[in-house]
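Subject: Structure handover

Hello,

Here is the structure I said I would pass on. My notes on what was found in it follow below.

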Amino acid sequence: VAEAESVLSIHFPTGYQEYVTRFGQGILGGDYIRIYPPHRILADLAEWRQRIDEYWFWDDGKKVLSKEQALQSVIIGDTVDGDELIIHPDNSEKIYVLPRDHKKIYVAGDGLPAAIEWLCSSGKLTRAFKKRNFEPYDE
């Protein structure tokens with residue numbers, strides 16, 4: 001985690017290090033949230049930014065996060081529905097969601113625990129659910 005933070009010149013949000021070192025790779029909430037390990041973030045970031053630049057459609061959320069800010073951001077996870085969790089270097093505590101099916105951008109919360117709770121219970125992206133079990137997997 002520290003090496004990835006150094007390479008990216010960013011601090012991961014509160015709870016990120018504890019999450020990835022305790023759980024590793026897997027899926028949370030039964031089958032919904034995936035938090036990326038540092039090696040995946042580093043390996044996929046350039047390709048992710050290129051895709052976001054090419055397929056940007058979240059202009060309804062530009063007051064929350066502009067396209068330029070999104071292109072400076074770092075993806076830290078996603079949902080199985082294709083919603084992406086990102087942080088911006090100016091405030092890496094705040095976790096944003098680029099929804100796959102909405103043109104607006106959401107703020108899921110400050111720190112990873114708050115963002116996970118928002119994803120599971122807000123009802124904005126999927127029906128709220130109580131499952132918080134974690135299923136590990138290997139890539």
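The side chain of histidine 88 makes a polar contact with the side chain of glutamine 72, at 2.7 Å. A polar contact here is a pair of N or O atoms within 3.5 Å; within protein, one must be able to donate a hydrogen and the other to accept it, and residues adjacent in sequence count only if both atoms are side-chain atoms.

Before the rest, note that this is a predicted model, in which local features need pLDDT of at least 70 and side-chain atom pairs count only at pLDDT 80 or more, while totals for chains, interfaces and linings use all residues. Residues are numbered from 1 along each chain as its sequence is written, and side-chain values use heavy atoms, with hydrogens and water left out.

Histidine 88 sits in strand S4. Helices (H or I, at least four residues) and strands (E, at least two) are DSSP runs, numbered from the N terminus. Histidine 88 is buried, with a relative accessible area of 5%; buried means under 20% relative accessible area, exposed over 50%, and partly exposed in between (1.4 Å probe, protein chains only). A polar atom of its side chain lies 3.0 Å from the backbone nitrogen of aspartate 90. Leaving aside residues up to four places away in sequence, histidine 88 touches Ile10, Gln69, Gln72, Ser73 and Tyr96, where contact means heavy atoms within 4.5 Å.

Strand S4 (residues 84-88) pairs with strand S5 (residues 91-98) in the antiparallel sense over five bridges; two strands pair if DSSP finds at least two bridges between them. Isoleucine 86 has tyrosine 96 of S5 as its bridge partner. The hairpin joining S4 to S5 runs through two residues. S5 also pairs in the antiparallel sense with strand S6 (residues 106-110), over four bridges, and there valine 97 has tyrosine 106 of S6 as its bridge partner.

In helix H2 (residues 16-23), the buried residues are Tyr16, Tyr19 and Val20. They lie on the same side of H2, because they cover an arc of only 85 degrees around the axis, taken from the directions from the helix axis to the C-beta atoms. Among the elements covering them are helix H3 (38-55) and helix H5 (112-121). The face of H2 turned away from that buried side carries the exposed residues Glu18, Thr21 and Arg22. Glycine 24, with a positive phi near 75 degrees, follows H2.

Serine 9, in the loop between helix H1 (2-8) and H2, has a positive phi of about 55 degrees although it is not a glycine. Serine 9 is exposed, with a relative accessible area of 60%.

Regards
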